[in-house]
Amino acid sequence: HDILPILCCIIHVLSGKLQTGVKCGGILSAPSGNFSSPNFPGLYPYNTHCSWLIVVAEGSSVLLTFHYFELEYHASCAYDYIKIYNGISEDEGNLLGTFCGDISPPQFTSSWNVMSIIFHSDRHVAYRGFTVGYRKGSLLHLMQCDRDSWPKLELILSGHV
Ligand SMILES: [Ca+2]
């Protein structure tokens, strides 16, 4: 008789973990590829945070093109959003843009060989999300190699950040 409430409690906790523990994001190192929000073309889950890091050959750029884009709209994208970074995502100074609603982000080209995309959803209202493709491009101009960024990048690639 007493085990039922405990079983219910365990099931409740496990289902909560399943709902919030969506596996998404990752490191993409192929010269080209595609990725989507979780469940695409179905509705994306609530309370989701995904981080993709695209790394192409050194001396190349990353060209990013959205094929579908539909997120919950808010004037300052406070609820659900996509953030695109020129480089590693921890560098707020490298933010290329924050996007939500149904206006697809423009095509982006990074100024070095790394680009990060963050997807975030809050706990209410979901749409179909996005699908995006990337490919390696050639840099139009030579950038100064920012040596300070490499130790941090190596930490991220080895999973320490
Ligand atoms: Ca939402």
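**Entry 1: the five-stranded sheet.** I started with an open sheet of 5 strands, ordered β1-β3-β8-β5-β6 with mixed pairing. For my labels, helices (H or I, at least four residues) and strands (E, at least two) are DSSP runs, numbered from the N terminus. I call two strands paired if DSSP finds at least two bridges between them. The edge strands are β1 (26-28) and β6 (95-99), each pairing on one side only. From one strand to the next, the twist averages 15 degrees; axes are lines fitted to C-alpha atoms, and angles run from 0 to 180 degrees between N-to-C directions.

**Entry 2: ground rules.** This is a predicted model, and I note that local features need pLDDT of at least 70, side-chain atom pairs count only at pLDDT 80 or more, and totals for chains, interfaces and linings use all residues. Residues are numbered from 1 along each chain as its sequence is written.

**Entry 3: pairings in that sheet.** In which sense do β1 and β3 pair, parallel or antiparallel? I found them parallel, over 3 bridges, and I27 has L53 in β3 as its bridge partner. On to β3 and β8: these run antiparallel and are joined by 7 bridges, with C50 partnered by F119 in β8. Strands β5 (residues 81-86) and β8 (residues 114-120) also pair in the antiparallel sense, over 6 bridges. There I picked out Y81, which stands opposite H120 in β8.

**Entry 4: the four-stranded sheet.** Next I turned to an open sheet of 4 strands, β2-β9-β4-β7, with antiparallel pairing. Its edges are β2 (32-36) and β7 (108-109); each has a single partner strand, so one side of each is left without a neighbour in the sheet. I counted 10 bridges between β4 and β9, which run antiparallel, and E70 finds its bridge partner G129 in β9.

**Entry 5: the core.** Which residues touch the most other members of the largest nonpolar core? Of its 23 residues, they are I54, V62, L64, I82, I84 and M115. Such a core is a set of buried Ala, Val, Leu, Ile, Met, Phe, Trp, Tyr and Cys residues joined through C-beta atoms within 7 Å. Strands β3 (49-55), β4 (60-70), β5, β8 and β9 (129-138) each supply at least two residues of this core.

Entry 6: The loop between β2 and β3 holds P41, which a cis peptide bond joins to F40, with omega about 5 degrees. N39 lies in the loop between β2 and β3 too; N39 is not a glycine, yet has a positive phi of about 75 degrees. C77, in the loop between β4 and β5, is also a non-glycine with a positive phi, about 55 degrees. Are these two buried or exposed? A residue is buried if 20 or more other C-beta atoms lie within 10 Å of its own, exposed if 12 or fewer, and partly exposed in between. N39 has 15 such atoms and is partly exposed; C77 has 18 and counts as partly exposed.

**Entry 7: confidence.** The mean pLDDT (the predictor's confidence in each residue, from 0 to 100) of the protein chain is 84, and 73% of its residues reach 70 or more. Over residues 15-19 the pLDDT is below 50, and beyond near neighbours in sequence this stretch has 1 contact in the model. Where pLDDT is low, the predicted coordinates should not be read in detail.

Technical notes:
Contact = placed C-beta atoms within 7 Å.
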